[in-house]
Amino acid sequence: NNWQESVVSKWVGQPTISPDGKIMHLGKRYMERTETGWSELKELKPPINGFPIMRLSSSANGTYYFDSYYKENPDFPLRFSRLINGEHESPRELGKTINSGIKNLNHPFIAPDESYLLWDAVREDGYGSSDIYISYKKQDGSWGNAINLGDKINTSAWEASAFVSPDGKYLFFSRNVGSENYENVDIFWVDAQIIENLIKNQQ
């Protein structure tokens, strides 16, 4: 329960950690946890490595959810790929409730049990720049409508890159508090109960 001295790595990608804590995903590359730290960079197998991925998030059963570099593909849909018999299937686009009428779909984060998906996008129902949205999985396996996380999270500034801590207690996200040059992007956090409250309001 003590903080250790931070170690700054050179930039190798936008990291997400697998639910079991054993893999650090870095787009289409990854590192594996070892007894002494992290392994060398490795690349995911085809067909996943054929996509220009910015952030990839994995569920507990190994399903991948990922975006693309927004500067190259501003309207690139969010996709997923299930792990079947030890191999990932060809990626498929998520439904229109997530991918319709949106640009700059980025930074997906899938809940370990795949009960909800967080991502950010610029939408007409937003507060200005990029906002963070959530969609809940229905009992039939389809995804519900995109829900804006509201003015407690989103502002007229750029909000993005949301994820939930491994214990499920805290929601972290980034906000641009500088200019359009993004020289001052800070990390914010709130109680993850906001996710449960949103789904209750939808029922």
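Asp125 is partly exposed because its relative accessible area is 42%, where buried means under 20% relative accessible area, exposed over 50% and partly exposed in between, with a 1.4 Å probe and protein chains only. The model is a predicted one, in which local features need pLDDT of at least 70 and side-chain atom pairs count only at pLDDT 80 or more, while totals for chains, interfaces and linings use all residues. Residues are numbered from 1 along each chain as its sequence is written, and side-chain values use heavy atoms, with hydrogens and water left out.

Asp125 takes part in a salt bridge with Arg123, a term that stands for a side-chain nitrogen of Lys or Arg within 4 Å of a carboxyl oxygen of Asp or Glu.

| Salt bridge | N to O distance |
|---|---|
| Arg92 and Glu89 | 3.5 Å |
| Lys152 and Asp151 | 3.9 Å |

In the pair of Lys152 and Asp151, Lys152 is exposed at 69% relative accessible area, and Asp151 is exposed at 52%. Glu89, by contrast, counts as buried because its relative accessibility is 16%, whereas its partner Arg92 is partly exposed at 39%. Glu89 and Arg92 also belong, with Arg82, to a network of salt bridges.

Asp67, in the loop between strand S7 (64-66) and strand S8 (79-81), where strands are DSSP runs of E with at least two residues, numbered from the N terminus, is buried yet has no salt bridge. The nearest side chain of opposite charge, that of Arg55, is 6.4 Å away, with Lys and Arg counted as positive, Asp and Glu as negative, and His and the chain ends not counted. What the side chain of Asp67 does reach is the backbone nitrogen of His107, at 2.7 Å, and a polar atom of this side chain lies 3.2 Å from the backbone nitrogen of Met54.

The second largest pocket holds about 440 Å³ of space. Among the 20 residues that line this pocket, Ile23, Leu44, Tyr64, Leu83 and His88 are the closest to its centre, lining residues being those with an atom within 4 Å of a point of the 1 Å grid. Strand S2 (23-26) and strand S10 (87-88) each supply at least two residues of the lining.

How values were computed
1 Å grid on protein atoms, 1.4 Å probe; cavity = no way out; pocket = protein on both sides within 12 Å on 5 of 7 lines; lining within 4 Å. Points joined across faces, edges and corners; volume = space filled by probe spheres on them. Helix = DSSP H or I, 4+ residues; strand = E, 2+ residues; numbered from the N terminus. Polar contact = N/O pair within 3.5 Å; in protein donor to acceptor, adjacent residues only side chain to side chain.
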